[in-house]
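Please look over the sequence and the structure shown here before reading the notes that follow. They are grouped by topic, so that each can be followed on the model.

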Amino acid sequence: MLHLLFLLRRPVRAAAVVAVAVAAALPVAATERPDCTRPLTLGLHEHGLLYSAETGQGIDRDLADELAQRSGCRITTTLLPRARIWQLVESGALDFSLSGISNPARERFAAFAWTFTNKYYLLVHKDAGVQSPAEFLARPELKLGAIRSYRYSASANRLVDALEAQRRVSYASALDPLYEVLLDGQLQAMIIEPFDYPTLQNARIRAQTQILEFDDPPVPHGLIMSRKALPPAQLEAWRALVDGMRADGTVQRIFEKYFKPDLAREMTRF
C-alpha cells in the first residue's frame, strides 16, 4: 500500500542495551524454558530500520535484547552479511538471527518463530517507463538490483528468479549501493519493504522513482533458529517465548518506536 510511506515515525534514539539478561520478565512453563547453560549467538544484518551499525539501534536490536531479557540467557550478537548468516545457521555455528522468512530449502536447516509480516514492493526508476512488474520483466534491457541470499514474496521471487535466469540481476552486499546505482541509471529497479521507507524520503530518490505493488499477501518474518545447533525441544521453547512477546503486545510496542501505531499494529497483529 503506497500510503504506508506516510506512516513512518522517526526512531527513538535510545542507548543500546547490552544483550545479557539477569532474569526472565515473562517466563514460559518450566518444561519449556530456553536452555541458558551455554552462551548463545545471534547474527544481525544491516537493513534500514531493522539495524544500523552506525547507531547500534533498530528493530532487530530491540528484539534481540528482549529475547535475552525474557530468557535469562546470554546472547552474543554479531554483525554479519545476510548470506553469511544463512550459511552459519545451516552449519550450526550460529544459533539465531532475526527477520527471516521461510522457504522449503531453509526449512531443512532452520526453524522459525514469527514476529511480524510485511509486503514487498518494486522500486522502479521513472525513466524505465513501466507500470507493473510484468512490464519490467518483458523489457530485456532493464536490470534489477538485489542483495544475494535475500528472498521475498512469491511474485517477487518469481520475478527475481526469471531475471536472474536472463542475467538481468546485479548483486550488492547492502542496500545503499543499490540506491546509488539505481539513481545513476545502471539499474532500473530494486525490491523494497517498509524498513526501507526512511531512505525513500530522500528528495532525489522520491523524484526519480515510483513504487509498484506485487499482488501478494504479507509475508511472515521472525526469529531464525538453527536446527543443527538447537534440539527440537529448544526450538519449541524459543517459539513459545516469541509467541508470548507477540501476545502481550511487546513486539507491537517495539515496532511503534519506528512506525506509526496503525502500521505497527498491521505488521505485528496477524
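Predicted model: local features only at pLDDT ≥ 70, side-chain atom pairs only at ≥ 80, totals over all residues.

A salt bridge is a side-chain nitrogen of Lys or Arg within 4 Å of a carboxyl oxygen of Asp or Glu. R239 forms such a salt bridge with E236, the closest N and O atoms being 2.4 Å apart.

**Salt bridges**

- The structure holds 11 salt bridges, and the one between R239 and E236 falls within helix α9 (residues 232–247), where the two residues are 3 apart and therefore separated by about one helical turn.
- In helix α1 (residues 59–71), D65 and R61 lie 4 residues apart, about one turn of the helix, and their side chains meet in a salt bridge with an N to O distance of 3.0 Å.
- Are D65 and R61 buried or exposed? A residue counts as buried when its relative accessible area is under 20%; D65 has 10% relative accessibility and so counts as buried, and R61, with a relative accessible area of 10%, is buried as well.
- A salt bridge also joins the side chains of R139 and E141, at 2.6 Å from N to O; here R139 counts as partly exposed at 28% relative accessibility, and E141 counts as partly exposed at 44%.
- E66, R70 and D248 are linked with one another in a network of salt bridges.

**Aromatic pairs and charges over rings**

- The structure holds 12 aromatic pairs, and one of them joins W86 and F109, whose ring centres are 6.2 Å apart and whose planes stand at 80 degrees, so the pair is edge-to-face.
- W86 belongs to helix α2 (residues 82–91), while F109 is in the loop between α3 (104–107) and β4 (110–118), so this pair ties together parts that are 23 residues apart in sequence.
- Both W86 and F109 are buried.
- How are the rings of W86 and F112 placed relative to each other? Their centres are 6.4 Å apart and their planes lie at 50 degrees, so the pair is tilted.
- This second pair also links distant parts of the chain, since W86 is in helix α2 and F112 is in strand β4, 26 residues apart.
- F112 is buried, with a relative accessible area of 5%, and W86 counts as buried at 6% relative accessibility.
- Together with W114, the residues W86, F109 and F112 form one aromatic cluster.
- The charged end of R106 sits over the ring of W86, 3.9 Å from the ring centre, and the charged end of R246 sits over the ring of F270, 3.9 Å from that ring's centre.

**The five-stranded sheet**

- An open sheet of 5 strands has the order β7-β6-β8-β5-β9, with mixed pairing.
- Its edge strands, each pairing on one side only, are β7 (169–172) and β9 (209–213).
- Neighbouring strands of this sheet are turned against each other by 35 degrees on average, direction ignored.
- Strand β6 (residues 144–147) pairs with β7 in the parallel sense over 4 bridges, and A146 stands opposite Y171 in β7.
- β5 pairs in the antiparallel sense with β8, over 4 bridges, and V124 stands opposite A189 in β8.
- β5 also pairs in the antiparallel sense with β9, over 5 bridges, and the bridge partner of L122 in β9 is L212.

- How many residues of β5 are buried? The strand is mostly covered, with 5 of its 5 residues buried.
- Helix α5 (residues 154–165) lies across β5 (121–125), β6, β7 and β8 (189–192), and runs at about 105 degrees to β7.
- Helix α6 (residues 175–183) lies across β5, β6, β7, β8 and β9, and runs at about 145 degrees to β8.

Notes
Residues numbered from 1 in each chain as written. Heavy atoms only, no water. Pairing = 2+ DSSP bridges. Axes fitted to C-alpha atoms, helices over the stretch in contact; angles between N-to-C directions. Contact = heavy atoms within 4.5 Å. Buried < 20%, exposed > 50% of the residue type's maximum accessible area, 1.4 Å probe, protein only. Phe/Tyr/Trp six-rings, centres within 6.5 Å; stacked < 30°, edge-to-face > 60°. Lys NZ or Arg CZ within 6 Å of the ring centre and 35° of its normal.
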